[in-house]
Amino acid sequence: MELEEVARKFALRNAVEHEGTANPGSVIGQIINDAGAEPQEAQEIAGKIVSEVNQMSLEEQTEKLQSYEFEEKEHEHDPIPDLNVDEDEEVVVRFAPNPNGPPHLGHARGMTINGELRDKYDGKLILRYDDTDPVTKRPLKQAYEMYAEDFEWLGYKPDEIRYSSKNFDTYIEYAEKLIEKGKAYVCKCSQEEGQKYRNEGEACPHRDQSAEENMDLWSQMKDGGLDEGEATLKIKTDIEHKNPAVRDFVAFRIIEDPDHPITGDEYRVWPMLDFAGGIEDHVMGTTHIVRGKDLRASTDRQKYVYDYFGWEYPDVRYWGTVQVSGFDAPMSTSTIAEMVADGELEGWDDPRCGTLRALRKRGFQPEAIREFFIEMGVTEKDAEASVETLESKNRDIVESSSRHFFVENPVEIEITGFPEDKQAILPLHPDHPDRGDRNIELDRENNALKILIEKQDLEDGFMRLKGLCNIEVDKDTAEFVEGDHTEAVERDAPIVHWLPASSPEATLVYPDGSEVSGKIEKADIEIGEVIQFERVGFARKDADSEYYFTHR
């Protein structure tokens, strides 16, 4: 393949990946690596071909890209990226959620990676609430505190917490400076009209208004002279930009009755996320941003504002989407909120949810969640993961937890001929004898013993009660049989768990929301402690007699 054709192939791919604009630097490396070109030659060819490709529309680029084949290489990723950091520069990173509900597993990715970057570079981590949308993503008052709590539980305490909703005066100040510079204007087009102009790459009739006209209209937006939906403040960009979403974007809109949990109804003009977020990053001194690749247009929009003020834009890394399957409720904050409001879920920590609160309640450990996302790393490749992968990492951590018996659907049987001196002493953990034993107090009556086993385990014949004795069962009675567990193994007999008849009751709640009642071994188990019910799985004690199933 000729050098120009190699350059065109990779320029097209780079352009499509970056919303229509290829980067010559990326293409130069590909020409050198794939075609063996000399650096000077590669630079000249890349400049020429990238210029040609960037003149095409995104649709044309995508169509032409289909004619090329690419060798699939093993995907590499950088778990915790090495950042471009100047000498003596303090790394400042931020996690910026919309607090319309508590964080779910998807949010934990941003919390983890930004927390790890802060720790790696001994920098600063900011939790910033992007809470300036009281309409479509209305903030939930209690979610603010939930985010701070869950962030710290995950292992990363923010160095600073900021509320975008508390900085309206700053956003308004910068908006007015842009109006004065002639870089922002008040548009009175309808949403449909504005969309039409953007799609066609044409300026709307209000774009060339004078700064004085725009400032007067802006004042009317603020004080009530213009109604909600009648006008917006837009930032001037390149009206012919390849991506219509970047063309003259909205910075402020009118909301007449926001009733915001932080600002109430103090303001009528409300900043859009890209404008407020861009200003916030500058004010906070953000040096590095890790965000979804679907937000490339946000980067492009914000860079116009930075250029107008002569600011340096933060270094940006992108990652692809991650879909985590295996939960009974959708991984969507707004959907979960509706289900909670409708009574379909008992709360934000309902075990069917993928919220951090639900995972915590079930007994997942923060280390497992951190490892899950650190291993996933920062890559632009979209990924699918199952909760089973997270369970595997959590199992490695809770495997050392104490063992206990839980008997579901208990059936009482009486064992005759049981020795008076025999005891039930089992290890707290078979692999950690140093942690001691659990001595189960038996219910003796004369020369008989009353126990409970699961109904499904009850069958006539020879069986072994784990850690206690062998028995011969006949309906609801049994006879003690001399011997140890080796005989049961040799005879391939059932080995079942059991409990004394007087054992206390307990409830086990499963991830699908179902509950089972049963009996539990008497033990000093702390609320919040994760244990393993033998032959059942791991569970976390949530209340005196209530346990939440973690996983097997």
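## The seven-stranded sheet

In this predicted model, 7 strands build an open sheet with mixed pairing, ordered β12-β26-β27-β28-β24-β25-β13. Strands here are DSSP runs of E with at least two residues, helices are runs of H or I with at least four, and both are numbered from the N terminus. Two strands pair if DSSP finds at least two bridges between them. At the edges stand β12 (403–404) and β13 (406–408); each has a single partner strand, so one side of each is left without a neighbour in the sheet.

Further in, β24 (residues 505–509) and β25 (residues 515–520) are joined by 5 bridges in the antiparallel sense. To find your way along this pair, look for E505, whose bridge partner in β25 is K519. Helix α15 (residues 387–398) lies across β26 (530–533), β27 (537–543) and β28 (546–551), and runs at about 120° to β28.

## How the model is read

Residue numbers start from 1 along each chain as its sequence is written. Local features need pLDDT of at least 70, side-chain atom pairs count only at pLDDT 80 or more, and totals for chains, interfaces and linings use all residues, while side-chain values use heavy atoms, with hydrogens and water left out.

## Two packed helices

Helix α10 (residues 273–284) packs with helix α11 (residues 296–309) at an angle of about 60°, and their axes are 9 Å apart. The axes are lines fitted to C-alpha atoms, for helices over the stretch in contact, and angles run from 0 to 180 degrees between N-to-C directions. The two helices are therefore oblique to each other: angles under 35 degrees count as roughly parallel, over 145 as roughly antiparallel, 65 to 115 as roughly perpendicular and the rest as oblique.

Contact means heavy atoms within 4.5 Å. On the α10 side, D274, F275, G277, G278, I279, D281 and H282 make the contact, and α11 brings S298, R301, Q302, V305 and Y306.

## Strands β1 and β2

Strand β1 (residues 92–95) pairs with β2 in the parallel sense over 4 bridges, and V92 stands opposite K124 in β2. Of the 6 residues of β2 (residues 124–129), 5 are buried, so this strand is largely enclosed by the rest of the structure. Buried means under 20% relative accessible area, exposed over 50%, and partly exposed in between (1.4 Å probe, protein chains only).

## A loop residue

N23 sits in the loop between α1 (3–17) and α2 (24–35). With a relative accessible area of 42%, N23 is partly exposed. From C-alpha to C-alpha, N23 and H404 are 60 Å apart in space, and 381 residues separate them in sequence.
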